[in-house]
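Thanks for coming. I will go through one structure, starting with its charges and then turning to the fold and the salt bridges.

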Amino acid sequence: MKIVRRIGASPRQRGSATGQTCPDIFELSDGNFAVIGTDVTEALDTELPADAARADYERIVVISRDTLVRAKADIPEA
């Protein structure tokens, strides 16, 4: 599995002072997506709806609205 491309604007384009450490979304060679975000698993784990679950190896991460909105145009329809 490899990173194929960034989805959306880079951190620098979104206003990060260093352009290095910010939420990010990447498309992977297998068609999946990887997300860099803030780990909020402890804070939100008990807030998950009854029909949602998280495996021990999964984390709940938050990315900014701006990150996702700017990525929208790059996300494939299918």
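The place of a charge is taken as NZ of Lys, CZ of Arg, CG of Asp or CD of Glu. On that basis the protein chain has 10 positive and 13 negative side chains, and the centres of the two sets lie 10 Å apart.

Now the ground rules. This is a predicted model, in which local features need pLDDT of at least 70 and side-chain atom pairs count only at pLDDT 80 or more, while totals for chains, interfaces and linings use all residues. Residues are numbered from 1 along each chain as its sequence is written, and side-chain values use heavy atoms, with hydrogens and water left out.

On confidence, pLDDT is the predictor's confidence in each residue, from 0 to 100. The protein chain has a mean pLDDT of 90, and 96% of its residues reach 70 or more. Confidence is lowest in helix α2, residues 65-71, at a mean of 90, and highest in helix α1, residues 41-44, at 97. Where pLDDT is low, the predicted coordinates should not be read in detail.

Next, the fold. Helices (H or I, at least four residues) and strands (E, at least two) are DSSP runs, numbered from the N terminus. The protein chain has two helices and five strands, in the order β-β-β-β-α-β-α from the N terminus. Its C-alpha atoms fill a box of roughly 35 × 30 × 20 Å, taken along the principal axes.

For contacts, the criterion is heavy atoms within 4.5 Å. Among contacts in the protein chain with a separation of 6 or more, 44% are between residues 24 or more positions apart.

Accessible areas come from the Shrake-Rupley method with a 1.4 Å probe, and for residues only the protein chains shown count as cover. The accessible surface of the protein chain is about 5900 Å², and 52% of that belongs to carbon and sulfur atoms. Buried means under 20% relative accessible area, exposed over 50%, and partly exposed in between (1.4 Å probe, protein chains only). Of the 78 residues, 23% count as buried.

That brings me to the salt bridges. Side chains of opposite charge can pair when their charged atoms come close. The cut-off here is a side-chain nitrogen of Lys or Arg within 4 Å of a carboxyl oxygen of Asp or Glu. How many salt bridges does a search of the whole structure find? It finds five, and I will take three of them.

Arg 5 and Glu 27 meet at 2.7 Å, N to O. Arg 5 lies in strand β1 (residues 3-6) and Glu 27 in strand β2 (residues 24-28), so this pair ties together parts 22 residues apart in sequence. Arg 5 is partly exposed at 32%, whereas Glu 27 is buried at 16%.

Arg 6 and Asp 24 form a salt bridge at 2.9 Å, N to O. These two also sit in strands β1 and β2, so the pair ties together parts 18 residues apart in sequence. Arg 6 is partly exposed at 34%, and Asp 24 is buried at 3%. Leaving aside neighbours within four places in sequence, the contacts of Asp 24 include Arg 6, Arg 14, Val 35 and Thr 67.

Arg 70 is partly exposed at 37%, as is Asp 66 at 34%.

Note on methods: Lys and Arg count as positive and Asp and Glu as negative; His and the chain ends are not counted.
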